[in-house]
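Thanks for making time this morning. I would like to take you through one protein model, from its overall fold down to a single side chain, and I will state the cut-offs as they come up.

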Amino acid sequence: MKTLLHVCCAPCAVFPVKTLRYQGHEVMGYFYRHNIHPYLECLRRQETLKSLAETTDLRVIYQEGYDLEGFLQKVVFRESKRCTYCYHERLRSTALTAKHGKFDYFSTTLLYSKFQNHEEVKSIGEAIGASIGIKFYYQDFRPGWQEGIQTSKQLKLYRQQYCGCIYSEKERYYK
């Protein structure tokens, strides 16, 4: 089973990659960049993922470009729904890449995070999979939350403190 796994960041990939491989999936990562702000944060997360990929022999497709303006234009005045838009864009891009690459499934490390709207991610993933014609692989990876944290600390991976977009950075640091 070839599975393309959307990877939001290296620490969130640790447990899902391990689990999927244990279940017999041939896993490849997909790093989506447009939602990660500022740009230096995006680069830092990408470099951390490259480090994890080398350590765990994970092949990764890195999205090209950096469409900050496009992301912001689609979210402005809809900030309260920005996560829905962001889930949709990341999963859609992953599904299209998976279909083009003849993968059997696509999934996401968002299913690992206890901070994401798990049911919404699942629903969007399934709908996108049905519309594009590739199966969304659903699994709740949250039971491995602590194991993933411990492993990422042991590997000395950069562990960011916000989801990725400039709005989540503000929510995290500005009180």
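Predicted model: local features only at pLDDT ≥ 70, side-chain atom pairs only at ≥ 80, totals over all residues.

Residues are numbered from 1 along each chain as its sequence is written, and side-chain values use heavy atoms, with hydrogens and water left out.

The protein has seven helices and five strands, where helices (H or I, at least four residues) and strands (E, at least two) are DSSP runs numbered from the N terminus. Read from the N terminus, the order of elements is β-α-β-α-β-α-α-β-α-β-α-α. The radius of gyration is 15 Å, close to the 16 Å that the globule rule gives for 175 residues, so the protein is as compact as a globular protein of that length; the radius is taken over C-alpha atoms, and the rule is 2.2 Å times the number of residues to the power 0.38. Along the principal axes, the C-alpha atoms fill a box of roughly 45 × 40 × 30 Å.

Of the 175 residues, 51% count as buried, and here buried means under 20% relative accessible area, exposed over 50%, and partly exposed in between, with a 1.4 Å probe and protein chains only. Among contacts with a separation of 6 or more, 76% come from residues 24 or more positions apart, a contact being heavy atoms within 4.5 Å.

Now to the sheet: in what order do the five strands lie? They form an open sheet in the order 3-2-1-4-5, with parallel pairing, and strand 3 and strand 5 (135-136) are the edge strands, each pairing on one side only. Two strands pair if DSSP finds at least two bridges between them. Strand 1 (residues 2-7) is joined to strand 2 by six bridges, with Lys2 opposite Glu26, and to strand 4 by four bridges, where Thr3 has Tyr105 as its bridge partner. Tyr105 also has a bridge partner in strand 5, namely Lys135, and two bridges join strand 4 to strand 5.

In a regular strand the side chains alternate between the two faces of the sheet. In strand 4 (residues 105-108), Tyr105 and Ser107 point one way and Phe106 and Thr108 the other, and all are buried.

Strand 2, helix 2 (residues 39-56) and strand 3 make a right-handed β-α-β unit; a crossover is right-handed if, with the strands pointing away from the viewer, the path from the first strand over the helix to the second runs clockwise.

Buried residues of helix 4 include Arg82, Tyr85, Glu89 and Arg90, and just after the helix Lys102 takes a positive phi of about 60°.
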